[in-house]
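Biologist: Hi, could you walk me through this model? I'd like to hear how you use your terms as we go.

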Amino acid sequence: MQEVNLLPPFRLFIIKMQKKSGIVFIDTSGWRNRQEKNAYFDVLKQAIWNCNQLLLGYERLDGSSGHQLVNPLGLVAKGSKWYLVALKNEDAFRNYRVSRITSAEILDVQFSRPKDFHLASYWETSTKAFMDTLPTYEVCVDVDPSILPRLAFTNRFMKKIETKSNKKGGWIRVKLTFDTKDEAVGYILSFADKIKVVEPVDLSDQIIHQAKAIISLSKSK
């Protein structure tokens, strides 16, 4: 099998700089990064290289598990997480998170890689399709100018910040986009009296309900 370099030009430049001078270092882990288990990584690499079918044991996101027969095509590193790209049932591409693979058995059956398959192009298309299916929940809020820098920094749940206009009294109108309503509630509550919801109205009602529940719980202690 011929090794093909799929790295973009900028990434190749970084690698050359690392080898030449050691002045560039890329750390993809987070500050509190949890090490993911990749017990079958070497098995996956061997099956990919030799074009052998794999019998995978896999734990799904809902906790259920099962076995799947796949044709492994490649491995992708997304940040600090690894994914196996494979063909299931000969015609359906699937992405498997390596840390959720519970077993991997190399079978004595070889397969032919799709001639028009390009790992980098497939992953880019797959990622975009996944992002397009994610739910979105937009919120319009007025914020105290003192927390505006923190809005961009504290982005665990928030997907987008769009400053709309300046308001009288120093408040700034901002549009936030979250994945879900619950994420919006928790995020906005964390800023206490420095942020207030303009719309949707039902979000404001839920935040008031949650705040009252917190106060009630605190008084009961």
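Modeller: Happy to! Let me start with exposure: buried means under 20% relative accessible area, exposed means over 50%, and partly exposed is in between, with a 1.4 Å probe and protein chains only. This is a predicted model, where local features need pLDDT of at least 70 and side-chain atom pairs count only at pLDDT 80 or more, while totals for chains, interfaces and linings use all residues. Residues are numbered from 1 along each chain as its sequence is written, and side-chain values use heavy atoms, with hydrogens and water left out.

Biologist: Thanks! Is Trp82 buried or partly exposed?

Modeller: Trp82 is partly exposed, at 29% relative accessibility.

Biologist: And what secondary structure does the protein have?

Modeller: There are six helices and nine strands. Helices (H or I, at least four residues) and strands (E, at least two) are DSSP runs, numbered from the N terminus.

Biologist: How many aromatic pairs are there?

Modeller: The structure has eight aromatic pairs. Rings of Phe, Tyr and Trp (its six-membered ring) pair if their centres lie within 6.5 Å; planes under 30 degrees apart are stacked, over 60 edge-to-face, and the rest tilted. Phe41 and Trp82 make an edge-to-face pair, with 4.9 Å centre to centre and 70° between the planes.

Biologist: Which parts does the pair of Phe41 and Trp82 tie together?

Modeller: Phe41 is in helix 2 (residues 41-50) and Trp82 is in strand 3 (residues 81-88), so the pair links parts 41 residues apart in sequence. Phe41 is buried, at 18% relative accessible area.

Biologist: How are the rings of Tyr83 and Trp123 arranged?

Modeller: That pair is tilted, because the planes are at 45°, with the ring centres 5.5 Å apart. Tyr83 lies in strand 3 and Trp123 in helix 3 (residues 119-133), so this pair ties together parts that are 40 residues apart in sequence. Tyr83 is buried at 18% relative accessible area, and Trp123 is buried at 16%.

Biologist: Which residues do ring pairs link into a cluster?

Modeller: Phe93, Phe117 and Tyr122.

Biologist: Switching topic: what lies over the face of Trp171?

Modeller: Lys196 does, at 4.4 Å from the ring centre. A charge sits over a ring if NZ of Lys or CZ of Arg is within 6 Å of the ring centre and within 35 degrees of the ring normal.

Biologist: Now the inside. Which residues touch the most other members in the largest nonpolar core?

Modeller: That core has 19 residues, and Val139, Val141, Val143, Ile188 and Leu203 touch the most other members. Strand 6 (137-143), strand 8 (172-178), helix 5 (181-189), strand 9 (195-199) and helix 6 (201-219) each give at least two residues to this core. Another core, of 15 residues, lies apart from it and includes Phe41, Leu84, Ala86 and Tyr96. By nonpolar core I mean a set of buried Ala, Val, Leu, Ile, Met, Phe, Trp, Tyr and Cys residues joined through side-chain atoms within 4.5 Å.

Biologist: What is Val143 in contact with?

Modeller: Leaving aside neighbours within four places in sequence, Val143 is in contact with Leu148, Leu151, Gly170, Trp171, Ile172, Val174, Lys194 and Ile195. Contact means heavy atoms within 4.5 Å.

Biologist: Where is Cys51, and what is its phi?

Modeller: Cys51 sits in the loop between helix 2 and strand 1 (52-59). Its phi is positive, about 55°, although Cys51 is not a glycine. Ala192 also has a positive phi, about 50°, without being a glycine, and Ala192 lies in the loop between helix 5 and strand 9. Ala192 is exposed, with a relative accessible area of 56%.

Biologist: Which residues does a cis peptide bond join?

Modeller: Glu199 and Pro200, with omega about 5°. Pro200 is in the loop between strand 9 and helix 6.

Biologist: Last one: what does Gln210 touch?

Modeller: Not counting residues up to four places away in sequence, Gln210 touches Val185 and Leu189. Gln210 is in helix 6 and is partly exposed at 31% relative accessibility.
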